[in-house]
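Subject: Structure handover

Hello,

Here is the structure I promised to pass on. Please open it first, then read the notes below.

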Amino acid sequence: MKRSKKNIVRFFPILILLFFTTSAFAEEKEELNIKELIFEHLGDSYKWHFFEWNGKDVSLHLPVILLDKNGGWHLFSSSRLEDNAVYEGFYIANEGQNKSKIVEKDETGAEIRPWNFSITKNVLALFISVFIISASIMSLAKWYKNDKRNPPSGFLGFIEMIILNIQDEVIKPSIGEDYKRFSPFLLTAFFFILTNNLLGLIPIFPGGANVTGNITITLFLSFITFLLINVNGNKHYWKEVFWPDVPTWLKVPFPLMPLIEIWGIIMKPAALMIRLFANVMAGHSMVLGLISLIFVSVSMGVAANIGMSTVAVLFSIFISLLEVLVSVIQAYIFVLLSSVFIGMSRMKEKIKEENYIEHH
Amino acid sequence: MSLLTPDLGLLFWMCVSFGIVFFILAKFGFPAILKAVDERTEYINKALEEAEEAERKLATINKQAEAIIGKAEEERAKLLNEAGELRNRIISDAHEKAEADIRIRLTKARSEIEEVKQKALTDIRGEIADISLKIAGKVVDEELKNDKKQQELIDHLLKEEIYYKS
């Protein structure tokens with residue numbers, strides 16, 4: 001208790017300083033579109049914005065790689081498209097369906113999107129996280145190459161603990177016998193989600209990108225899970241889909257139950273996709289919204305601004321801490337449910353009945 | 001809502017980067033780690049078993065050692081006892097032997113002395129007889145010459161004889 005009080009006292013001057021700087025900031029920008037600001041931070045971008053210095057953006061311009069409508073490749077820096085500039089016929093759309101995406105004009109003058117393989121902010125964040133994951137896990141593997149007797153300590157020990165825990169407590173009991181076939185993917189997915197979740201919480205480079213809060217990423221991961229479930233499904237699994245143990249009238253004239261089951265096949269991974277995406281995105285939006293409160297409340301006067309800022313900062317600290325928890329939980333849940341679904345599609349009939357009796 | 005529409009470019013890069021990381025980890029990362037951990041677990045279990053075995057062995061060895069030490073102590077006490085007895089016996093034997101020896105020597109010495117004495121006496125007697133015979137001869141010789149002188153000599157000889165004898 002004493003310590004936490006001391007910490008608050010220590011933080012107080014920083015808070016006050018923060019209010020003054022934000023007030024100074026907000027005076028410059030008269031109008032604030034909060035919705036746009038939040039969406040800009042949640043979405044992808046062709047540059048990595050670091051901070052503002054003397055009214056100028058300091059950011060990393062990322063390479064744009066395009067395949068145009070005629071099949072020609074284009075590679076240039078995204079700085080060419082700054083401030084609505086048109087470069088080689090490409091520009092960033094300001095509004096409409098393709099807002100903030102790179103577009104070109106076809107013969108009729110309509111905006112169309114070229115094949116876009118640009119290294120965007122999310123792609124760069126992806127590369128960074130992949131590098132971090134590979135480096136940390138390979139260094140653990142290297143440890144064991146050198147020393148087979150002693151367990152590693154510190155960070156490597158932590159990674160080893162996670163690997164063993166996920167494998168022994170999640171994957172093994174959920175999938176059963178031949179869990180070893182699936183554990184590389186599930187472990188990779190766990191570390192991928194966890195690393196990107198945690199990197200997303202760090203507000204400065206190399207963190208801050210909203211990778212796991214992007215539906216493309218979660219779509220990819222859950223599609224792999226979808227494939228693993230259905231490709232490895234056994235006879236009994238497909239029998240349950242097309243001819244489940246229900247009264248015959250539920251499946252003969254009109255295949256109601258099979259339709260529901262098929263819908264379930266799609267919805268199981270889709271739920272995984274939406275859950276991860278929504279959780280991470282919601283966390284980011286909450287923090288951004290709370291921080292935005294500071295800027296919004298400037299127009300309400302100094303007292304209101306200070307009050308709101310205190311509340312906003314404290315709340316965003318709380319939400320950020322919560323997000324650390326959510327990062328771990330979501331990674332865990334994704335792997336847990338994936339392995340449960342895979343395990344269910346490989347279950348033998350007898351075991352399934354026993355489980356049914358146990359659970360009801 | 002651009003947030004809800006998947007982006008093909010990002011999907012492409014996701015396939016590439018996730019594919020690479022999956023390949024690396026599935027080929028060189030996780031199997032090596034899990035194998036090493038299994039091996040370590042086995043090693044630890046084995047080491048524990050061996051330690052237990054060693055402990056058990058040590059306990060039996062300790063017991064054996066104690067038994068051996070106890071036996072040895074008993075043996076030592078026994079040996080010491082025996083040695084003491086032996087020493088006493090040897091000493092007493094030596095004493096007895098020495099005494100017997102002394103006795104034998106004494107007897108021998110005595111008998112020798114006796115023998116020498118007898119011999120000396122026999123010799124002396126012989127001498128005396130010789131002397132007596134000589135004296136007697138001389139006396140007989142003198143008598144023929146001087147009676148008076150004969151008488152004196154006999155006296156003198158007798159005196160001498162008596163003196164000698166006493």
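One term before the findings: helices here are DSSP runs of H or I with at least four residues, numbered from the N terminus. Please also keep in mind that this is a predicted model.

Salt bridges

I searched the whole structure. The search finds 11 salt bridges over all chains. One of them sits within chain B. There, the side chains of B:E53 and B:R56 meet, with 3.2 Å from N to O. Why can these two pair up along one helix? Both belong to α1 of chain B, which spans residues 8-143, and they are three residues apart, so about one helical turn separates them.

Where the chains meet

Chain A puts 50 residues in contact with 34 residues of chain B. How much area is buried between chain A and chain B? About 3700 Å². Carbon and sulfur atoms give 82% of that area.

Two salt bridges are counted between the chains. One joins B:R40 to A:E160 through their side chains, at 3.2 Å from N to O. The count of residue pairs in polar contact between chain A and chain B is six, with both residues at pLDDT 80 or more.

The largest share comes from α3(A), with 12 residues. By class, the side of chain A that touches chain B has 33 nonpolar, 10 polar and seven charged residues.

A nonpolar patch on chain A

Chain A also carries a nonpolar surface patch of about 1100 Å². Its members are A:F242, A:W243, A:V252, A:F254, A:L256, A:L259, A:I260, A:I262, A:W263, A:I266 and A:M267. Which helix gives the most to the nonpolar patch? That is α8(A), with seven residues. A:M267 lies in this helix, α8 of chain A.

Best wishes

How values were computed. Residues numbered from 1 in each chain as written. Chains lettered and ligands numbered in written order. Predicted model: local features only at pLDDT ≥ 70, side-chain atom pairs only at ≥ 80, totals over all residues. Heavy atoms only, no water. Contact = heavy atoms within 4.5 Å. Buried area = accessible area lost by both parts, 1.4 Å probe. Salt bridge = Lys/Arg side-chain N within 4 Å of Asp/Glu carboxyl O. Polar contact = N/O pair within 3.5 Å; in protein donor to acceptor, adjacent residues only side chain to side chain. Nonpolar A, V, L, I, M, F, W, Y, C, P; charged D, E, K, R; others polar. Patch = residues over 30% accessible without salt bridge, like charges linked within 9 Å, V, L, I, M, F, W, Y side chains within 5 Å. Areas by Shrake-Rupley, 256 points an atom, 1.4 Å probe, with all protein chains shown as cover.
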